[in-house]
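Trainee: Before we go through this model together, could you take my questions in turn and define each term as it comes up?
Mentor: Gladly; have the sequence and the coordinates open beside you.

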Amino acid sequence: MRAIVYESFKGPLTIQKVSDPTPLENGVVIKVKATGLCRSDWHGWMGHDQDIKLPHVPGHELAGVIEATGKNVRNFSIGDRVTVPFVCGCGSCGQCISGNHQICDHQSQPGFTHWGSFAEYVVIDYADTNLVKLPDEINDITAAALGCRFITSFRAIVAQGKVTAGQYVAIHGCGGVGLSAIMIANALGAQVVAIDINPENLLLAKELGATHTINATNNQDIVKHIKSISNGGAHVSVDALGSATTCFNSIANLRKQGKHIQVGLMTGDHQHPKIPMDRVLADELEIIGSHGMQAYKYSEMLDMIKNGTLQPDKLIQHTITLEQAITALPNMDTFDTKSMQVIHSF
């Protein structure tokens, strides 16, 4: 099969002919129809993820058709259209038994713990636990956009933040994760404050449902501004970027008993940021992580997409080829794309 491969971190990306994969007894091989290009892939290429063993094929947001199944797979068949969350569970550890596959003790992640979806085929283990059947109403390109950023935002807003109509929700960072969160929070009836440094991103945030936007480049006191807009602070605030500044601001802009949701990856010098712990204590704030979403939880989100309440296709900037992804992936640190790119030609 054809696949994008890198043999050193920060090194050249090349398209190579590699061996076709075969499924394990509990797994499947998926013929990839579309796969999203995500900043997490850039983090992996940079060497920020210790799970990656070289040489490596990136890619973790995917939609496709089952090409082969292991003998123990019961709920899926060859020809099924499927997608998969970027965190896959083993199905048998304590976390999985409790329903929390997204924090499985033995989790696997395509594009990180094993070769991913920037290829014609990808292997997924424990298929009955991790696969999601796609309804006919959702095409491959839209489905590929769900696998990381959108599902993470959905769980962050719906399950972790428990956002309800009328609440103020602040979203720090309007890339793929932040824009997804804005769309989802708006669909739930929240009043969304979007914060970013890029005017184009803020314009799109407004189109997707943000009631207020703040350009952090020319605002001297973001926390004060958010508190003014929200009449005392956000009920829920999301760091969708992952930096020491956005994390601090997201906590500091909360009202009493507000919830901070950390979604953006914290890497390098940002891994252990300062937080206003005095405020956390005095105002009984909650600091909550959000890491993907379980496959069995997809149904509510898929129903909202089918009935038009959520329209993740609006987040897709354009489709690209496997060849174009060689250039696009290293450039993901430039923040010059305001929404998602999806590989649709292999």
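Trainee: In which helix does His43 have its place?
Mentor: This is a predicted model, in which local features need pLDDT of at least 70 and side-chain atom pairs count only at pLDDT 80 or more, while totals for chains, interfaces and linings use all residues. Residues are numbered from 1 along each chain as its sequence is written, and side-chain values use heavy atoms, with hydrogens and water left out. Helices (H or I, at least four residues) and strands (E, at least two) are DSSP runs numbered from the N terminus, and on that assignment the place of His43 is in helix H1.

Trainee: Is His43 buried or exposed?
Mentor: The classes rest on relative accessible area, computed with a 1.4 Å probe on protein chains only: buried means under 20%, exposed over 50%, and partly exposed in between. His43 has a relative accessibility of 8%, so His43 counts as buried.

Trainee: How many of the residues of helix H1 are buried?
Mentor: Helix H1, which covers residues 39-46, is mostly covered, and its buried residues are Ser40, Asp41, Trp42, His43, Gly44 and Trp45. After the helix comes Gly47, with a positive phi near 95°. The count of buried residues in H1 is 6 of 8.

Trainee: Against which elements do the buried residues of H1 pack?
Mentor: Packing here is read from contacts, meaning heavy atoms within 4.5 Å. The elements against which the buried residues of H1 pack are S1, S2, S3 and H5.

Trainee: Which residues are in contact with Thr152, leaving aside its neighbours within four places in sequence?
Mentor: Thr152 has its place in helix H5, and its relative accessible area of 6% makes it buried. Once neighbours within four places in sequence are left aside, the residues in contact with Thr152 are Phe86, Val263, Ser290 and Gly292.

Trainee: Which element gives the largest share of the lining of the second largest pocket?
Mentor: On a 1 Å grid over the protein atoms alone, a pocket is an open set of points with protein on both sides within 12 Å along at least five of seven lines, whereas a cavity is a set of points where a 1.4 Å probe fits but cannot get out; lining residues have an atom within 4 Å of a point. The lining of the second largest pocket consists of Asn100, Phe154, Arg155, Val158, Ala159, Met293, Gln294, Lys297, Ser299 and Glu300. Two or more of these residues come from each of helix H5 (146-160) and helix H11 (298-306). The largest share, 4 residues, comes from H5.

Trainee: How many residues apart in sequence are the parts tied together by Glu323 and Arg2?
Mentor: A salt bridge is a side-chain nitrogen of Lys or Arg within 4 Å of a carboxyl oxygen of Asp or Glu, and Glu323 and Arg2 form one with their closest N and O atoms 2.5 Å apart. Glu323 lies in helix H12 (residues 322-328) and Arg2 in strand S1 (residues 2-6), so the pair ties together parts whose separation in sequence is 321 residues.

Trainee: In which helix do Lys306 and Asp303 both lie?
Mentor: The side chains of Lys306 and Asp303 meet in a salt bridge at 3.7 Å, N to O. Lys306 is partly exposed, with a relative accessible area of 40%, and Asp303 is partly exposed, also with a value of 40%. The two residues are 3 apart, about one turn of the helix, and both lie in H11.

Trainee: How far is the sulfur of Cys93 from the closest cysteine sulfur?
Mentor: A disulfide is a pair of cysteine sulfur atoms within 2.5 Å, and the structure holds 0 of them. Cys93 is buried, with a relative accessible area of 6%. The closest cysteine sulfur to that of Cys93 is in Cys96, too far for a bond, at 3.7 Å.
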